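Here is a friendly briefing to read alongside the structure.

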Amino acid sequence: MACYFSVARITWAGRCRGGLLPSASSSLPLFSSFQRTHQHAGHRLRLPLNLRYKSTNNVDSTIKSKGYKFMTKSRTGIGSFASLCSHAASICTVFAYCNTDMFELRCLAISSGVLAMSFQYFRPQPLWIPIRWGCLILCINGCMITQLLIERHRANHMPPELKKIYDEGSFDERGFSKVQFMKFFKHARRTVFVGKEIISEEGREMNKLYYILDGNATVTCKTDGRKLATIPPHCFIGELSFLLHVQDHKRNEQKQIPLKKASADVVAENKTIHVLEWEFDELRKIMSADRDLSNAFAIYSSHDMRNKLLSANTEGRRT
Ligand SMILES: Nc1ncnc2c1ncn2[C@@H]1O[C@@H]2COP(=O)(O)O[C@H]2[C@H]1O
C-alpha cells in the first residue's frame with residue numbers, strides 16, 4: 001500500500017512539474033493503474049518487481065540508486081503533443097462551422113475528429129469511450145465523403161450525350177452544377193413527338209415537364225390558331241405548371257394537390273422533335289429533398305422564360 005502511494009506521489013510530482021492535469025480528481029484513477037506500470041514519453045514501462053512491494057523509503061532509495069530518472073521526469077513532451085492535438089481539433093471545428101461547402105466541411109470534421117481522438121489517446125490516461133465514438137463518427141463521415149466523391153467523379157465524367165446537353169443548354173451559366181445536372185437528368189426519359197403532335201393543350205392538366213433536345217415547338221392561340229411563339233431546343237415546356245404545382249404542394253403538404261392547367265397550346269413543329277420528360281410528382285419529390293437543386297431549376301427556368309418572352313416579342317412584331 002505504501003508503495004502505491006509512493007509511486008503516486010512521484011507521478012504527481014512529475015505531473016505538477018510538467019504542468020499537466022493538476023486536478024486531484026483526474027489523477028486518482030492513475031493510483032491503481034500505476035501499481036505495475038509507469039508511463040513515460042508515450043511508452044508504458046513496467047515497474048520492476050522488486051519495487052512493487054517495498055516500503056516508501058525503500059522505493060525512493062532504490063529509485064535514486066538505480067537511476068530510474070524517468071520516474072521523476074515531467075511529461076512535458078507528450079503533454080504538449082496532446083494539447084496541441086486538442087487545440088488543432090478545436091481550430092478545425094471552428095473552420096468547419098464557418099464553411100458552407102459540404103465536402104470541405106466534412107473533411108474538416110474528419111480532421112477535427114482524428115485530432116480530438118489523438119488528444120484522447122495521448123493524454124496521460126487514454127479515454128476510450130470518446131475514442132470509440134470518434135471511430136464510429138469517423139466511419140460515417142468517411143462514407144458520406146466517399147459518396148460525395150463518387151457523385152463528383154460521375155459528374156466530371158458524364159456520358160458525352162449528357163455533356164453536350166450540359167454545354168449547349170448553358171446549364172453551368174444558368175445555375176446548375178454538374179452534380180445537380182446529373183441528379184436532375186438521371187430521372188429523365190427520352191420521348192419523340194412527331195410533326196403537329198400536341199405536347200400541351202391550353203386548359204388541360206399538365207403532368208409532365210419536357211426539355212427539347214432538337215427540333216422546335218410552336219405555341220399557338222387556342223381561339224384563332226395564331227402562332228404566338230416558337231420554342232427552340234434547350235428550353236422547357238410545362239415549367240409554368242410545374243412551378244405552380246411545387247408551390248401549391250409546399251403550401252398544403254398534407255392535401256392531394258390537383259394538377260395545374262397548361263397556359264397554351266404547344267405542338268411539335270418539325271417532322272420529329274426529341275425531348276426529355278419527367279413526371280411532375282417524381283420531380284417534385286426529388287426537388288423537395290434537395291433545396292439547391294430546386295433553386296438551380298428555378299434559376300434555369302427564369303432564363304428560359306426570359307428567352308421565351310423575347311422570342312414572343314419578336315414573333316409579335318412580325319405579325
Ligand atoms: N408565349 C409563350 N412563349 C413560349 N412558350 C410558352 C408561351 N406560353 C406558354 N409557353 C410554354 O407552353 C407551356 C404550356 O404549359 P405550361 O403553362 O405549364 O408552360 C408553358 C410554357 O412552357
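What follows is a short tour from the whole protein down to single residues.

This is a predicted model. The protein has 12 helices and 10 strands, and 38% of its 319 residues count as buried.

**The protein as a whole**

- Take the contacts between residues at least 6 apart in sequence: 70% of them join residues at least 24 apart.

**Helices α6 and α7**

- Helix α6 covers residues 102–122 and helix α7 covers residues 128–156; their axes come within 9 Å and cross at roughly 160°.
- Because an angle over 145 degrees counts as roughly antiparallel, α6 is described as roughly antiparallel to α7.
- The crossing of α6 past α7 is left-handed.
- Sorted by class, the residues in the contact of α6 with α7 are 17 nonpolar, 5 polar and 2 charged.

- Q120 sits in helix α6.
- Is Q120 buried or exposed? Its relative accessibility is 16%, and the cut-off for buried is under 20%, so Q120 counts as buried.
- Apart from neighbours within four places in sequence, Q120 is in contact with Q125, P126, L127, P130 and I131.
- Of these partners, P130 and I131 fall within the range of helix α7, residues 128–156.

**Helices α7 and α9**

- Helix α7 also meets helix α9, which spans residues 178–185; here the axes come within 8 Å and cross at roughly 85°.
- Since 65 to 115 degrees counts as roughly perpendicular, α7 is roughly perpendicular to α9.
- On the α7 side the contact uses E151, R152, R154, A155 and N156, and on the α9 side K178, V179, M182 and K183.
- By class, the residues in the contact of α7 with α9 are 3 nonpolar, 1 polar and 5 charged.

**Helices α10 and α11**

- How do helix α10 (residues 239–251) and helix α11 (residues 280–288) cross, and at what angle? Their axes come within 11 Å and cross at roughly 60°.
- That angle makes α10 oblique to α11, and the crossing of the two is right-handed.
- From α10, the contact takes in S241, F242, H245, V246 and H249; from α11, it takes in F280, D281, L283, R284 and M287.
- The residues of this contact of α10 with α11 divide by class into 5 nonpolar, 3 polar and 2 charged.

- As background, most residues other than glycine have a negative phi.
- S170 is not a glycine, yet its phi is positive, at about 50°.
- You will find S170 in the loop between α8 (160–168) and α9.
- With a relative accessible area of 18%, S170 is under the 20% cut-off and is therefore buried.
- H234 is not a glycine either, and its phi is positive too, at about 65°.
- The loop between β7 (227–231) and β8 (236–237) holds H234.
- The relative accessibility of H234 is 14%, so H234 counts as buried.

Definitions and conventions
Residues numbered from 1 in each chain as written. Predicted model: local features only at pLDDT ≥ 70, side-chain atom pairs only at ≥ 80, totals over all residues. Heavy atoms only, no water. Helix = DSSP H or I, 4+ residues; strand = E, 2+ residues; numbered from the N terminus. Buried < 20%, exposed > 50% of the residue type's maximum accessible area, 1.4 Å probe, protein only. Contact = heavy atoms within 4.5 Å. Axes fitted to C-alpha atoms, helices over the stretch in contact; angles between N-to-C directions. Parallel < 35°, antiparallel > 145°, perpendicular 65-115°, else oblique. Left-handed = near helix turned anticlockwise from the far one by under 90°. Nonpolar A, V, L, I, M, F, W, Y, C, P; charged D, E, K, R; others polar.
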